[in-house]
Amino acid sequence: MAEYNNIIRLEGVTRVEITGEELTKLEADRTAFANKSSERKLEVIKQLRLDRLKETDWYSNSDVTMPDNVKTWRQTLRDLPANHSNETAYDALLARDKDGNLTHSVWSKP
Amino acid sequence: MTKARQLADLISSGSIETAEITSLDAAKLTGNIADARVPASAVTQHANNYTHPNHSGEVTSTADGATVITDNIVDEANLKVSNTPTNGYMLTAQSGNTGGLTWADAPSGTHVKLVSGSASSSVNHDFQNFMDTSKYNSYMVQFSKVIGLASNALHFQFVANTTVLTNSNYWWAFHGHRSTNNEIVNYGEQSAQAPLGSAMVGSSGNAANYLFHIYNNPNSTNMGNNVYGHNWGYRSDLGDYLFTDYAFGFNNSHNVTGFRVHAEGNDATTFDYAIYGIAK
């Protein structure tokens with residue numbers, strides 16, 4: 001599929017097909033970016049994990065006793081990168097239903 | 001007076017008394033004189049036969065009705081203005097000038113729309129040579145309905161004429177908030193480009209939005225060209241609505257004249273755009 005540069009000037013718009021060295025570089029950059037897809041998904045997973053750990057940090061206060069099931073859940077969240085190490089596993093963790101809700105059980109607070 | 005006497009007077013004077021003409025009975029005009037008479041019936045007939053034409057052109061009429069200026073017809077050439085316009089000028093009232101009107105540059109602070117439209121699907125969108133340091137130091141840029149981002153950031157690079165400035169001169173940071181009450185933060189220095197805030201998902205149902213200001217100081221060498229703005233929208237990979245505020249500087253002495261935006265990951269994107277110059 002052809003790729004384009006959109007050139008927008010006061011005088012008007014020109015759409016120029018990307019060819020030659022520029023196209024070669026574009027495709028190389030795109031491949032390099034795609035090759036880091038797993039890393040980006042892992043970053044999202046870490047962000048989602050951090051959100052949930054923060055939500056339950058208050059259990060760590062000295063005057064509160066953290067329930068065992070919450071302790072276990074928090075440890076499971078911490079272990080996510082260690083126990084999920086490939087893109088297929090990441091995709092499963094990031095799966096969402098039609099309403100945009102995460103479907104993997106690990107994200108649900110006990 | 002006898003007719004003989006009248007005839008004698010006419011011959012001797014060479015003229016007919018005015019009193020005699022004004023009392024002349026029209027029926028007495030016969031022969032060649034009768035041909036010169038215009039009968040009253042002819043006058044009446046001529047008046048009844050005349051039909052007033054429609055006026056056409058920029059000002060029209062229906063028959064002898066009121067003349068009216070046609071809709072959508074008066075242009076700049078019709079106006080009586082004291083000077084010749086320059087593109088982008090505004091018409092101002094100046095009672096002492098010819099026609100009471102003068103073309104003038106936009107007053108300070110006015111947002112002048114420089115360019116707007118819908119960007120067709122492309123990897124790079126280069127907005128070239130819209131900057132005019134004689135008129136503007138600041139520009140406001142709006143992108144709406146940004147589609148094509150797949151959880152990727154929209155990146156920004158300045159352009160000098162047609163050259164995209166990709167050297168590692170961008171210092172940037174962004175900070176925002178998500179609808180789950182979590183912050184979203186990132187930063188970098190000596191980058192080859194700067195992100196316009198957080199990554200977004202730009203699908204047709206969750207189009208992303210951007211609004212930012214460019215400050216272009218042509219005499220500065222350090223961070224004189226910089227951007228501050230916002231982006232917002234729904235990010236389906238996080239399941240959150242979010243916004244981020246972002247700022248970055250371009251640490252170089254180039255006289256920039258435009259900018260390029262492209263998606264991280266080189267996604268092809270489409271969006272509606274408008275750029276305003278803020279008059280000095």
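Biologist: What is the handedness of the crossing of H2(A) and H3(A)?

Modeller: In this predicted model, the crossing of H2(A) and H3(A) is left-handed.

Biologist: Why is H2(A) called roughly antiparallel to H3(A)?

Modeller: The axes of helix H2 (residues 37-55) and helix H3 (residues 68-78) of chain A come within 10 Å and cross at roughly 155 degrees. Angles over 145 degrees count as roughly antiparallel, so H2(A) is roughly antiparallel to H3(A).

Biologist: Which residues of H2(A) and H3(A) meet?

Modeller: From H2(A) come A:Arg49, A:Arg52 and A:Leu53, and they meet A:Trp73, A:Arg74, A:Leu77 and A:Arg78 of H3(A). The residues of this contact divide into 3 nonpolar, no polar and 4 charged.

Biologist: What makes B:Gln128 count as buried?

Modeller: Its relative accessibility is 5%. Buried means under 20%, so B:Gln128 counts as buried.

Biologist: Where is B:Gln128 found?

Modeller: B:Gln128 sits in the loop between strand S6 (124-127) and strand S7 (136-147) of chain B. Leaving aside residues up to four places away in sequence, B:Gln128 touches A:Ile7, A:Ile8 and A:Arg9 in chain A, along with B:Val159, B:Asn161, B:Thr162 and B:Thr257 in chain B.

Biologist: How do you know that the side chains of B:Gln128 and A:Arg9 make a polar contact?

Modeller: The distance given for the contact of these two side chains is 2.8 Å.

Biologist: Why is B:Asn124 called buried?

Modeller: B:Asn124 lies in strand S6 of chain B. The relative accessible area of B:Asn124 is 6%, and the cut-off for buried is under 20%. B:Asn124 is therefore buried.

Biologist: Which residues does B:Asn124 touch?

Modeller: Not counting residues up to four places away in sequence, B:Asn124 touches A:Tyr4, A:Asn5, A:Asn6, A:Ile18 and A:Glu22 from chain A, and B:Arg260, B:Val261 and B:His262 from chain B. With A:Asn5 there is a polar contact between side chains, at 2.6 Å.

Biologist: How many helices and strands are there in chain B?

Modeller: Chain B has 4 helices and 19 strands. Of its 280 residues, 36% are buried. Among contacts in chain B between residues at least 6 apart in sequence, 65% join residues at least 24 apart.

Terms used
Residues numbered from 1 in each chain as written. Chains lettered and ligands numbered in written order. Predicted model: local features only at pLDDT ≥ 70, side-chain atom pairs only at ≥ 80, totals over all residues. Heavy atoms only, no water. Axes fitted to C-alpha atoms, helices over the stretch in contact; angles between N-to-C directions. Helix = DSSP H or I, 4+ residues; strand = E, 2+ residues; numbered from the N terminus. Parallel < 35°, antiparallel > 145°, perpendicular 65-115°, else oblique. Left-handed = near helix turned anticlockwise from the far one by under 90°. Contact = heavy atoms within 4.5 Å. Nonpolar A, V, L, I, M, F, W, Y, C, P; charged D, E, K, R; others polar. Buried < 20%, exposed > 50% of the residue type's maximum accessible area, 1.4 Å probe, protein only. Polar contact = N/O pair within 3.5 Å; in protein donor to acceptor, adjacent residues only side chain to side chain.
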